[in-house]
Amino acid sequence: NSFLMNVTVLGDLCWAVAYIIIIVQCFRQKTYGLPLLAIAMNITWEIQYSLIAPPRCDDGSIDPVKQAMFLAWALLDLVIVYQLYRYGREEQHVEQIRRHFPFVVTGTIVVAALGHLSFTSVDPERALPVSGMIINFIMSILFVGMAYNRPSLRGLSWSGAWLRITGNFLIFFANIFLMQEDPQQLRAFFMFLFGGTAL
């Protein structure tokens with residue numbers, strides 16, 4: 001359904017603009033704007049599904065629009081990864097994490113990459129959307145904790161948050177119809193992830 005796929009691309013664009021806003025604000029405030037685990041899961045997911053196992057059309061060919069979007073996200077996330085390494089140590093409240101911060105970040109990225117590779121082997125056809133929604137769910141929970149850890153909201157962007165919410169709504173709305181062919185149990189899990197992310 002080209003209309004619904006275009007709705008998901010519009011949602012993806014909302015996310016890309018949110019990333020740009022977050023990046024600009026974080027350079028100004030010398031911090032990073034996404035939870036550490038979410039950054040690691042995002043960058044490895046984008047590399048996995050733009051370069052290693054790119055999204056496919058119904059005829060089996062690579063979907064150039066989705067692949068380009070994932071590559072654009074990866075480029076933006078590389079800047080966010082840089083901000084995490086550059087400014088992240090000062091934001092840490094746990095002394096052991098602060099002391100070994102580069103190793104913690106690198107280790108988290110490696111574990112996230114291995115997780116994506118192993119998940120793809122479980123169900124290659126559905127790994128992309130399922131893992132993407134799981135990351136979104138986890139990120140949404142982590143943002144709540146991040147807001148409480150930064151009472152000044154330094155590095156957190158209201159406009160970025162609203163664009164994330166708008167992008168999520170568009171993607172979730174389209175997927176309600178796009179996933180009609182999926183098994184009922186998987187649709188129920190998607191609904192849980194949609195609802196949990198929104199909450």
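Select Leu-153 first. Leu-153 is partly exposed, at 30% relative accessible area; buried means under 20%, exposed over 50%, and partly exposed in between, with a 1.4 Å probe and protein chains only. Leu-153 sits in the loop between helix 6 (127-149) and helix 7. Helices here are DSSP runs of H or I with at least four residues, numbered from the N terminus. Although Leu-153 is not a glycine, its phi is positive, about 60°.

This is a predicted model, in which local features need pLDDT of at least 70 and side-chain atom pairs count only at pLDDT 80 or more, while totals for chains, interfaces and linings use all residues. Residues are numbered from 1 along each chain as its sequence is written, and side-chain values use heavy atoms, with hydrogens and water left out.

Next, select Lys-30. Lys-30 is in the loop between helix 1 and helix 2 (36-52). Lys-30 also has a positive phi, about 55°, without being a glycine. Its relative accessible area is 53%, so Lys-30 is exposed.

Now show helix 1 (residues 2-29) and helix 7 (residues 158-178) together. Their axes come within 8 Å and cross at roughly 160°; axes are lines fitted to C-alpha atoms over the stretch in contact, and angles run from 0 to 180 degrees between N-to-C directions. That makes helix 1 roughly antiparallel to helix 7, a term for angles over 145 degrees. The residues of this contact are 16 nonpolar, eight polar and two charged. Nonpolar covers Ala, Val, Leu, Ile, Met, Phe, Trp, Tyr, Cys and Pro; charged covers Asp, Glu, Lys and Arg; the others, Gly among them, are polar.

Turn to the aromatic rings. The whole structure has 12 aromatic pairs. Rings of Phe, Tyr and Trp (its six-membered ring) pair if their centres lie within 6.5 Å; planes under 30 degrees apart are stacked, over 60 edge-to-face, and the rest tilted. Select Phe-27 and Tyr-82: the ring centres are 6.3 Å apart and the planes are at 40°, so the pair is tilted. Phe-27 is in helix 1 and Tyr-82 in helix 3 (residues 64-87), so the pair ties together parts 55 residues apart in sequence.

Then select Phe-189 and Phe-192. Their ring centres are 6.3 Å apart with planes at 20°, so this pair is stacked. Both residues are in helix 8 (residues 184-198), three residues apart, or about one helical turn.

Last, select Trp-15, Tyr-19, Trp-45, Tyr-49, Phe-70 and Trp-73, which ring pairs link into a cluster.

Methods:
Helices (H or I, at least four residues) and strands (E, at least two) are DSSP runs, numbered from the N terminus. Angles under 35 degrees count as roughly parallel, over 145 as roughly antiparallel, 65 to 115 as roughly perpendicular and the rest as oblique.
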